[in-house]
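Please look through the sequence and the model shown here before reading on.

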Amino acid sequence: MPLGGGTSLQKKYGIVDSADQVYLDHTNHKNSEFRYCDRDLVRMWADENAATFEFLIENGVKFNDEKPEMVNGGSVPRLFIAKVFSDDLAETIDGRPGSGLVRPLEKSARAKGVEILLKHKMTRVIRENATSGRVLGISATSENKTVNIRARKGVIIATGGHTSNVAFRRMFDPRLTEEYQVAGEPWTKQNADGEILAMDIGASLWGTSNQSNDGGRSVTKTRHIGVRYGYENLRWEPKSPMFQQAGGSGLTVRSFQNLILVNQMGERFWNEMDNSYAFLSACLGTNGNLGRDGKANGGGPIWAIFDSDAVVREKWNPKPPNVDLNGWFFSADTIADLAGNIKNPYQRRPIPAGVLEQTVNKYNGFVDAGKDSEFGKPGPMYKIQKPPFYAAWSTPILHDTLTGLKINTKCQVIDRNNQVIPGLYACGESAGGFALHGLPRVTVFGRVAGREAASANAS
Amino acid sequence: MPPKDVEAGEHRTSIAVWDLVSPLLIGRTAKVKVGAKCAAGCQLTDHRVEIHDAAGKTIARGGLGGTPWPGTSGLYWADVEFPAPAEAGKHTFSVTSEHGGAHSEFSFVAVKSPDHSLTIQVHDKTTKETIADVEVRLGVYRSITDARGLATVDVPKGSYALTVWKLGYELFSTELSVDDTTTIEVEIAVEPEPEQPYWM
């Protein structure tokens, strides 16, 4: 939880911080993640940092009592890690510290009388008129029944972003076609439900450049390969109740020296060691697709190709539950057979055996020469030659939603005519204007939205 | 023999070539493993594989063994020896299998016999301790450090790009000239952890 501005834990460790410093650190024009942000929102966020941190503690969040770390390009340490809520994998996402934030807040909210409806799906935001007047409540469906829920003070849209909605995410980046999976799935989908319903009553989007600013974590390099969901900071464990849907844990790559990455045509396309957005842009490139079939967008699947020597070096066990044999991981006795074995819903044409053989032979030549004269992989170390051979899904995975509904500094949603929509608020990844990864953005805006809605006059 | 009920056209066969240590020394004999796999699941024991030089001349033959390579479903294999080319440089040879008419290629580098030895002592930049199992590359020549952090590379006199790397460490590279048998020391740094190792 990287919140600063002079929190109690920062003071305990002698760290001097201020709201001004937080603001300056998060408006640096050199950082593409912050370059396109609404600085009025960032200022409010900076001002509310320390108070939000104390709010979390007051509501039961416990942090590891360890010296904080630097994060997000900040000038002082701000990253404190929440204590994992429990060992029960039904209560956490694989024991990650985010549970130490969400579960205590849930517990605190329930204790204060909050009712959480997990079997209701919001289907409409009710406004006095189609695109004017006050927001009165919402419609929802539950067990095939429609219910209308009256909002006395306001409705807060906090439905978690849009990255799972292919049509919606492609408004900001047409390359993000259906082959790109999403971190956090299958636990939850981020379907832009709230954004769409708010737009139906006139809401505007905001800070849309943030979604494709070639920085941050909107598109990420896959680290757990051979499974559908390989986001680097989330490895699904077999004991998780979600594991059946996740399909596998993945082979965690310690070094991309141990493999090559090939595109949908079976060709290398970039230096595998690169972790920058240049690598991701190459993954999202045409990759041999001439676009003649009306499907020119998207970069297509990316496959890691490696041999049994790589398996030994990486200490992998290339079998379930570590890999998902249902279209995300393949093996074969020869490279030619491996090409023929690759069958996946997003691999629209078979990889030609001769092309993959040629790719591997060429790369092996670079290893012999000690130089990758095609893509500049530094010191290519290992040939891909010893059977059996493997192909593992390594297509980039999406994560952050960095744009959303237009809000003001009270988290009130703004319409297309730049007017407040009375009674409608937004926060979290449903709100636009600030492209900050993770919990510091959503906790601050969530608290402000709740406070402002609670203090509004009842309708 | 092919299994029953298999049509002749279904004997698509593919080849793997491995365990060739590059670079090869000019005038020496090289050894490589060649494996063949029939899509129809044929048992390929005693079936012939051949190695051809860049001009297409057959320079070696071998008969596949009776047991598939470990971990494979039916890759029959053989050790095949062949003469290294007489000219230095990169070479691409081909391999064929009589079963299924399969064809594949492999490449390697041939070099002159070395006349010097370069010994590299590798240390951790921070702890100064020696490091074992470090990959050492000197141009096309390669070695790996032993338990004492020492690797020896035999090379001809000349200028080389030295690359030193181990998993978990940053790649070290430099240019150097070798004109005598000598020892050098190299320090490599631990690779930093990713900036945000937590789910947030």
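Pro186(A) is part of strand S5 of chain A, which covers residues 183–186; helices (H or I, at least four residues) and strands (E, at least two) are here DSSP runs, numbered from the N terminus. The model is a predicted one, in which local features need pLDDT of at least 70, side-chain atom pairs count only at pLDDT 80 or more, and totals for chains, interfaces and linings use all residues. Residues are numbered from 1 along each chain as its sequence is written, while chains are lettered from A and ligands numbered from 1 in the order in which they are written.

The peptide bond that leads from Glu185(A) to Pro186(A) is cis, with omega near 0 degrees. As background, most residues other than glycine have a negative phi, and most peptide bonds are trans.

Positive phi values also occur in chain A. Ala192(A), in the loop between S5 and H7 of chain A, has a phi near 65 degrees, which is positive although the residue is not glycine. Is Ala192(A) buried or exposed? Ala192(A) is buried, because 25 other C-beta atoms lie within 10 Å; a residue is called buried if 20 or more other C-beta atoms lie within 10 Å of its own, exposed if 12 or fewer, and partly exposed in between, with C-beta atoms placed from the backbone.

Helix H7 of chain A spans residues 193–200, and its buried residues are Asp193(A), Gly194(A), Glu195(A), Leu197(A) and Ala198(A). These buried residues pack against five strands of chain A, namely S1 (121–127), S4 (155–157), S15 (404–405), S16 (412–414) and S17 (420–426). After H7(A) comes Gly202(A), with a positive phi near 110 degrees.

Glu143(A) is exposed, because 7 other C-beta atoms lie within 10 Å. Strand S2 (residues 135–142) of chain A runs antiparallel to S3(A), and six bridges join them; two strands pair if DSSP finds at least two bridges between them. Within this pairing, Ser139(A) stands opposite Asn148(A) in S3(A). Strand S3 of chain A, residues 145–150, lies largely in the open, because the number of buried residues among its six is zero.

Elsewhere in chain A, four strands make up an open antiparallel sheet in the order S10-S11-S13-S12. Its edge strands, S10 (260–262) and S12 (329–332) of chain A, each pair on one side only. S12(A) is joined to strand S13 (residues 389–393) of chain A by four bridges in the antiparallel sense, and Ser331(A) has Tyr390(A) in S13(A) as its bridge partner.

Stepping back, chain A contains 13 helices and 17 strands. Its radius of gyration is 24 Å, close to the 23 Å that the globule rule gives for 459 residues, so chain A is as compact as a globular protein of that length; this radius is taken over C-alpha atoms, and the rule is 2.2 Å times the number of residues to the power 0.38. Of the 459 residues of chain A, 51% count as buried.

Chain B, by contrast, has zero helices and 15 strands. Its radius of gyration is 22 Å, well over the 16 Å that the globule rule gives for 200 residues, so chain B is more spread out than a compact globule. Of the 200 residues of chain B, 36% count as buried.

How many residues of chain A are in contact with chain B? There are 32 residues of chain A in contact with 37 residues of chain B, where contact means that the C-beta atoms of two residues, placed from the backbone, lie within 7 Å. Helix H11 (335–341) and helix H12 (353–369) of chain A are the elements that give two or more residues to this side of chain A, and H12(A) supplies the largest share, six residues. For the complex, the predictor gives an ipTM of 0.92 and a pTM of 0.94.
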